[in-house]
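Thanks for coming. I will go through one structure today, from the overall picture down to one pair of helices. Please have a look at it first.

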Amino acid sequence: MEHTAAETGSTLSQMDFVLLREVITEAEQSRKNGRHPFAALVADEHGKIIVVEHNNSMPPQGDPTRHAELAAAARAATMLSPEQLARCTLYTSAEPCCMCAGAIYWCNIGRVVYALSEHRLLELTGSHPENPTFSLPCREVFARGQRAVEVWGPLLEDEASDAHRDFWK
């Protein structure tokens, strides 16, 4: 369910941009480590980072379901209560796919801030077989749930695009 700042009373803070840039840096590190250039982190309402995850879905040893967002949400859910998770934000270098949006929802994370939109990511990846993107924005997935997930993005798309340049060739 998409919410505007007026509906939720929420706004983006400087801390949101600091953490989003941190996750963009982590995505670049994922690429340097020979993995797909994606990363996600979960932070509490005070900006304390709970977990950081990189994507590990790349063949041959990767698990196709091991997207950074799913891994971060799942790991945070083993560390915090549902009530604590509801006050957390998942920051991600790219818009969560439908699988990851489902994981975020089921883990009870209350807020998502992302950099690259799914549409911009598709422009960068093209029809690469290792990233067959869905044309299904995370807001549409969240809108079908029974509880609200606040979503902010896309933000800093040009910065987040850098990790993908020439990767998907």
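Predicted model: local features only at pLDDT ≥ 70, side-chain atom pairs only at ≥ 80, totals over all residues.

If you read along the sequence, the elements follow the pattern α-α-β-β-α-α-β-α-β-α-α-β-α.

Next, the overall dimensions. The C-alpha trace spans about 40 × 30 × 30 Å along its principal axes. How does the radius of gyration compare with that of a compact globule? For 169 residues, a compact globule would have a value near 15 Å, and the protein has 15 Å, so the two agree.

As for burial, 51% of the 169 residues are buried. I also have a figure for contacts between residues at least 6 apart in sequence: of these, 64% join residues at least 24 apart.

Now the helix pair. Helix α3 covers residues 68-77, and helix α5 covers residues 98-106. They pack at an angle of about 10 degrees, and their axes are 8 Å apart. Angles under 35 degrees count as roughly parallel, so α3 is roughly parallel to α5. The crossing of these two helices is left-handed.

Which residues make the contact? On the α3 side they are Glu69, Leu70 and Ala73. On the α5 side they are Met99, Cys100, Ala103 and Ile104. Sorted by class, the contact of α3 with α5 has 6 nonpolar residues, 1 charged residue and no polar ones.

That is the end of my part.

Conventions
Residues numbered from 1 in each chain as written. Heavy atoms only, no water. Axes fitted to C-alpha atoms, helices over the stretch in contact; angles between N-to-C directions. Helix = DSSP H or I, 4+ residues; strand = E, 2+ residues; numbered from the N terminus. Parallel < 35°, antiparallel > 145°, perpendicular 65-115°, else oblique. Left-handed = near helix turned anticlockwise from the far one by under 90°. Contact = heavy atoms within 4.5 Å. Nonpolar A, V, L, I, M, F, W, Y, C, P; charged D, E, K, R; others polar. Rg over C-alpha atoms; globule rule 2.2 N^0.38 Å. Buried < 20%, exposed > 50% of the residue type's maximum accessible area, 1.4 Å probe, protein only.
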